Amino acid sequence: MIESRWQRGAFFAAPGLLLAGFGAVHPAYLDAATAGWWTSLHVILLPVFPLLAGAQWLLLASAPRWLRWPGRLAAFAFAAFYGGLDAVAGIAAGTVVHAQHGATPVAGAVFGIGDLLGLIGSACFLAAGVAIVAAAAMRVRWRAAPGAVLLLLASVSFLDSHIFWPRGVFTMIGVAAGMFLLALVLPLAGGLE
């Protein structure tokens, strides 16, 4: 059980901050020199990105049912499709480039499907964010505004920024800050109160 609103806010900010940290050490390009770290990093990230979906799921706890379940479905889809991006464009592409000692047409094809999975996943993240913001606005009115603005701006940026330095890192910091501020003002269920 989380004791205070500040601890609860930190709980919701943690996934975004963790991803921002990983983004700061994410290689800008995949080539023979970065392929080993690229692959390893994406293995590490497989369980981290779904934490964002978990945070969205929990932030929707006080939403009306008609908004909560579409938002939660979008959060689940984010976790599934974005995990696919990490597996394909992260682990598989990194492995191919490492094994072939450089970029190949196969790596390009793998990136093509990975990019599609990532776009679908990040669009689902945005959809869940819109549901969170709508529910927060209905529940706590203007007190939701600072967190809502940050979360929505960061969610739009996430559509094409991944977690790469610098934009992706700042995107994840924006996600963390938005979730932190929303968690401060929203009532939550499930033992987090």
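**Helix packing in the predicted model**

Residues 73–96 are 100% helix and 0% strand, with the end C-alpha atoms 33 Å apart. The structure described here is a predicted model. Over residues 116–137 the chain is likewise 100% helix and 0% strand, and the C-alpha atoms at the ends are separated by 32 Å. Both stretches carry the UniProt feature "transmembrane region", which comes from an unreviewed entry and is also placed at residues 42–61, 144–165 and 171–192.

Helix H3 spans residues 49–59, and its buried residues are Phe 49, Leu 52, Ala 53, Ala 55, Gln 56 and Leu 59. These residues lie on the same side of H3, because they cover an arc of only 155° around the axis. In an α-helix there are 3.6 residues a turn, so residues three or four places apart point the same way. The packing partners of the buried residues of H3 are helices H1 (5–24), H2 (35–45), H4 (65–100), H5 (105–140), H6 (145–161) and H7 (167–185).

Pro 50 also lies in helix H3. Its relative accessible area is 32%, so Pro 50 is partly exposed. Apart from neighbours within four places in sequence, Pro 50 is in contact with Leu 45 and Ala 79. The C-alpha atom of Pro 50 is 7.5 Å from that of Gly 83, although the two residues are 33 residues apart along the chain.

Two packed helices are described by the angle between their axes and the distance between the axes. For H1 and H3, the axes come within 9 Å and cross at roughly 155°. H1 is therefore roughly antiparallel to H3. The crossing of H1 past H3 is left-handed. On the H1 side, Phe 11, Phe 12, Pro 15, Gly 16 and Leu 19 take part, and they meet Phe 49, Leu 51, Leu 52, Ala 55, Leu 58 and Leu 59 of H3.

The crossing of H6 and H7 is left-handed. Residues of H6 that make the contact include Pro 146, Gly 147, Ala 148, Leu 150, Leu 151 and Ala 154, together with Ser 157, Phe 158, Asp 160 and Ser 161. From H7, the contributing residues include Arg 167, Gly 168, Thr 171, Met 172, Gly 174 and Val 175, as well as Ala 177, Gly 178, Met 179, Leu 181 and Leu 182.

Notes: Residues are numbered from 1 along each chain as its sequence is written. This is a predicted model: local features need pLDDT of at least 70, side-chain atom pairs count only at pLDDT 80 or more; totals for chains, interfaces and linings use all residues. Side-chain values use heavy atoms; hydrogens and water are left out. Buried means under 20% relative accessible area, exposed over 50%, partly exposed in between (1.4 Å probe, protein chains only). Helices (H or I, at least four residues) and strands (E, at least two) are DSSP runs, numbered from the N terminus. The arc is that of the directions from the helix axis to the C-beta atoms. Contact means heavy atoms within 4.5 Å. UniProt positions are given in the numbering used here, feature names are shortened, and annotations may be inferred rather than shown by experiment. Axes are lines fitted to C-alpha atoms, for helices over the stretch in contact, and angles run from 0 to 180 degrees between N-to-C directions. Angles under 35 degrees count as roughly parallel, over 145 as roughly antiparallel, 65 to 115 as roughly perpendicular and the rest as oblique. A crossing is left-handed if the near helix is turned anticlockwise from the far one by less than a right angle, and right-handed if clockwise.
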